[in-house]
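Here is a short walk through one protein. Keep the sequence and the 3D view side by side as you read.

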Amino acid sequence: MKKDSERVAKAVTIARKAHEGQFRKTGEPYITHPLAVKKILEEWGMDEDTIIAGILHDTVEDTRLTLGDIKKEFGESVAFLVDGVTKLSTARNGMRDIDSYLPETKDNFLRLMIALGDDIRVLIIKLADRLHNLRTLSALPPDKQKKIAKETLEVFAPLADRLNMGLLRVELADLAFKYVDPRRYEELKTLIEKHNKSAAKSLKRIEEEISEALKKEKIHFELSGRVKSVYSLHKKLAKHNQNMGEIYDLTALRVIVDDITDCYLTLGIVHSLYKPMGGRIKDYIAMPKQNGYQSLHTTVITKDKHIVEFQIRTHEMHEYAERGLAASFYYNEQKLTENYKKGKIEHLPTNLLWITELQMTAAKLREGKKVDLKKLKLNLFADKIFVYTPKGDIIDLPKGSLPLDFAYRLHSEIGDHVVGVKINGKMSNLNKKLEQGDVVEILTSKNQTPKTSWLDRIITPHARTKLLRALRISSAYETEKAIPPLKKK
Ligand code: MN
């Protein structure tokens, strides 16, 4: 292991002193936590300032150390990072519970963004912090375990995914899922192990066949199996009505080669050996995923009827798929760090443009400039949309929400009296799906009463509950039979 630099060693000494007498729920001295965060950040290859900020990340909130002290000892940049982490946790503490975790109010949203926008390394420290907290979660009381685990699944694991930190996403999700649904976790884990055992023999043969073919073509390669994460299997099964027959990537092989040409050559070789399944060839090299993930995927059926997914990529793509943004820091450390210091942000990997957008928006907000929120695409949470009231309050709703969902979300008094809706300033109708960034104005009349037909024009349970209540009260509807069940999405 690398010896700590003088600055890092000094940070450890200061943190040790600051946290003296504090203990974690595990019974260990508190300093074990910042030291674990330090180690994680080192493993991710982060720069020295980030590592120091990681060591000090809990001092301002929990000890007598001040930002001023940190600035004096370690400079502006470290203080900036520690401040960002502290702000993030303040913002989080201000959010009531997991369902409204994400910036329900504009204030929290802005705070979160400003913290985000200051420096993306803040998020990376936060992720390291969360990872260690999860690794030691068993020390907390069960209700807290569940809460933190759920929050991890809903916020931190998707965040790791957005940053293309694949290894982290898998570890966070599986650690958390074990607490959220222990029975299901064990069930699926056993299932995966069983599957791996039964597939092991034929997998070995496939590996030999592929190796031989690649050697013949003089392609340098590394071959490795990929173990499917329990949580991703759970999510996939939920999507496919628990039908195991729809899961094609339980067995996957990774082929890592030297360059892009070899990726496509390898794909050809795989297809010449095995029959590819229609519709399952994906070229994420030519068309990377939104988080920058690149690979060729194909699912094939082997001679003995095994279904195997191949993931073919270069070493660089592999590194990036596992470590994501952290890998870019590692490769580009100097350049990136320098640019952050200068306030430049254009050197982020091109596929992480959403971060750039967030940072630019945050910068404008800090300068007190007007921000066109409509243009801001918040892609962190793919199943949610953010829409705005004409006054600029931010309401987050599930994707596919309709104007009545929005209206009931504001207030049942508003929902009950809807007569129309303007979307982005134009008259629209109640069947119109809301989209990311829409400005929604609900028109009401006090003579309006709720209608049963509205049940077809809402998708959120919240709105449905409110509407049903209003319908029962309303004398126009006497029997519940008249009320159709909630439509499945
Ligand atoms: Mn912490």
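Start with two residues inside the predicted model. Histidine 33 is buried. Aspartate 58 is buried too. Histidine 33 sits in helix α2, residues 32-43. Aspartate 58 lies in the loop between α3 (48-55) and α4 (59-62). The two are 25 residues apart, so the pair links distant parts of the chain.

What do they hold? Both are protein donors of a manganese ion. The donors are His33 (NE2), His57 (NE2), Asp58 (OD) and Asp129 (OD). They lie 2.2 to 2.3 Å from the ion. Along the chain their spacing reads H-x23-H-D-x70-D.

The largest nonpolar core has 63 residues. Leu41, Trp44, Leu56, Leu127 and Leu172 touch the most other members. Helix α8, residues 120-135, gives this core its largest share, nine residues. Domain 1 (6-165) and domain 2 (183-320) each supply at least three residues.

Leaving aside residues up to four places away in sequence, Trp44 touches Ile124, Leu127, Ala128, Leu131, Met165, Leu168, Arg323 and Ala326. In soluble globular proteins, nonpolar side chains tend to be buried together.

Finally, step back to the whole protein. It has 18 helices and 11 strands. Of its 489 residues, 49% count as buried. Among contacts with a separation of 6 or more, 65% join residues 24 or more positions apart. The protein exposes about 24900 Å², and carbon and sulfur atoms supply 52% of that area.

How values were computed:
Residues are numbered from 1 along each chain as its sequence is written. This is a predicted model: local features need pLDDT of at least 70, side-chain atom pairs count only at pLDDT 80 or more; totals for chains, interfaces and linings use all residues. Side-chain values use heavy atoms; hydrogens and water are left out. A nonpolar core is a set of buried Ala, Val, Leu, Ile, Met, Phe, Trp, Tyr and Cys residues joined through side-chain atoms within 4.5 Å. Buried means under 20% relative accessible area, exposed over 50%, partly exposed in between (1.4 Å probe, protein chains only). Helices (H or I, at least four residues) and strands (E, at least two) are DSSP runs, numbered from the N terminus. Domain bounds come from an automatic or database domain assignment. Contact means heavy atoms within 4.5 Å. Donors are N, O and S atoms within 2.8 Å of the metal (3.2 Å for Na, K and Ca); water is not among the atoms, so sites may look incomplete. Accessible areas come from the Shrake-Rupley method with a 1.4 Å probe; for residues, only the protein chains shown count as cover.
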